[in-house]
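Open the model in your viewer and keep the selection panel at hand.

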Amino acid sequence: MTQVHFVGAGPGATDLITLKGYRLLQEAGMVIYAGSLVNPELLTYCQKECEILDSASMTLKEIIDAMDRGIKSGKEVVRLQTGDFSIYGSIREQIEEMNKRDIPFTCTPGVSSFLGAASSLGAEYTVPEVSQSVIITRMAGRTPVPERESIRSYAQHRTSMVIFLSVQSVDQVVDELVAGGYPETTPAAVIYKATWPEEKKVVGTLVDIAEKVTEAEITKTALIMVGDFLGEEFYYSKLYAAEFQHEYRDAK
């Protein structure tokens, strides 16, 4: 029996989809892709006869109906999601509806945009003696955020933070970060469409990042990154130090 395959499209660049995801696109008889959030060039990997549907204007029911129709007609169906579907991918509500109809599925992960953004900057989120944790979050919008998970409450940790789906409220984001505990001098960056050909990078601090984002006319499809991991002062771990290697071998 054919199946629905959830596939992470990667952050944007067409060569950053996984090899398995690429092969599934080649074999698909139907692809339902997440509109402008997915690079349309990825669809060139599909067969000419593949039925391609843009889910941007589809309701959840219409998406599930299309999957059901594809499976019943003997097609392999790919649900092509932006980045990796485990982060703000709305995969759970789709799977719950599919389970009601006994539609079989598989999941193939992708490279998330927060990883693509770090690569674009040549940055490491977990810099020794600076930060060993990464917070991935968003501002409340049409989808509410529990109070205990507010940006202000997370800011007290002053660790590396990546904020999705919030660049349209960048001024408010900055206010919450500072109110929560980040100094205004904390480095910050905003990456628009990380790894896409039209990628934009804006770098500054919490003092000026909102103004720079406005000047760059970035209003959507961007990540806000904040933390000392973006700073110019470098810290080095002992990972490659001779004494650490000796200790590591002894521990083994």
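Start at the boundary between domain 1 and domain 2, where the count of salt bridges is 0. A salt bridge here is a side-chain nitrogen of Lys or Arg within 4 Å of a carboxyl oxygen of Asp or Glu. This is a predicted model: local features need pLDDT of at least 70, side-chain atom pairs count only at pLDDT 80 or more, and totals for chains, interfaces and linings use all residues. Residues are numbered from 1 along each chain as its sequence is written, and side-chain values use heavy atoms, with hydrogens and water left out.

**Stop 1: the two domains.** Select residues 4-108 for domain 1 and 113-230 for domain 2. These bounds come from an automatic or database domain assignment. The domain centres, taken over C-alpha atoms, are 28 Å apart. The contact (heavy atoms within 4.5 Å) takes 12 residues from domain 1 and 11 residues from domain 2.

**Stop 2: the interface.** The two domains bury about 840 Å² between them, with 71% of it on carbon and sulfur atoms. Buried area is the accessible area (1.4 Å probe) that two parts lose on being put together, summed over both. Now select P11, I87 and Y88 in domain 1. These residues lose the most area to domain 2, together 61% of what that side buries. Between the domains, 3 residue pairs are in polar contact, both residues at pLDDT 80 or more. A polar contact is a pair of N or O atoms within 3.5 Å; within protein, one must be able to donate a hydrogen and the other to accept it, and residues adjacent in sequence count only if both atoms are side-chain atoms.

**Stop 3: helix α2.** Select residues 60-72; K72 and D68 both lie in this helix, 4 residues apart, about one turn. Helices (H or I, at least four residues) are DSSP runs, numbered from the N terminus. Show the side chains of K72 and D68: they meet in a salt bridge at 3.4 Å, N to O. The salt bridge count comes to 12.

**Stop 4: helix α6.** Select residues 170-180 and find E176. Which side chain does the side chain of E176 meet in a polar contact? The partner is R152, at 3.0 Å. Leaving aside neighbours within four places in sequence, E176 is in contact with I151, R152 and A155.

Definitions and conventions. Helices (H or I, at least four residues) and strands (E, at least two) are DSSP runs, numbered from the N terminus.
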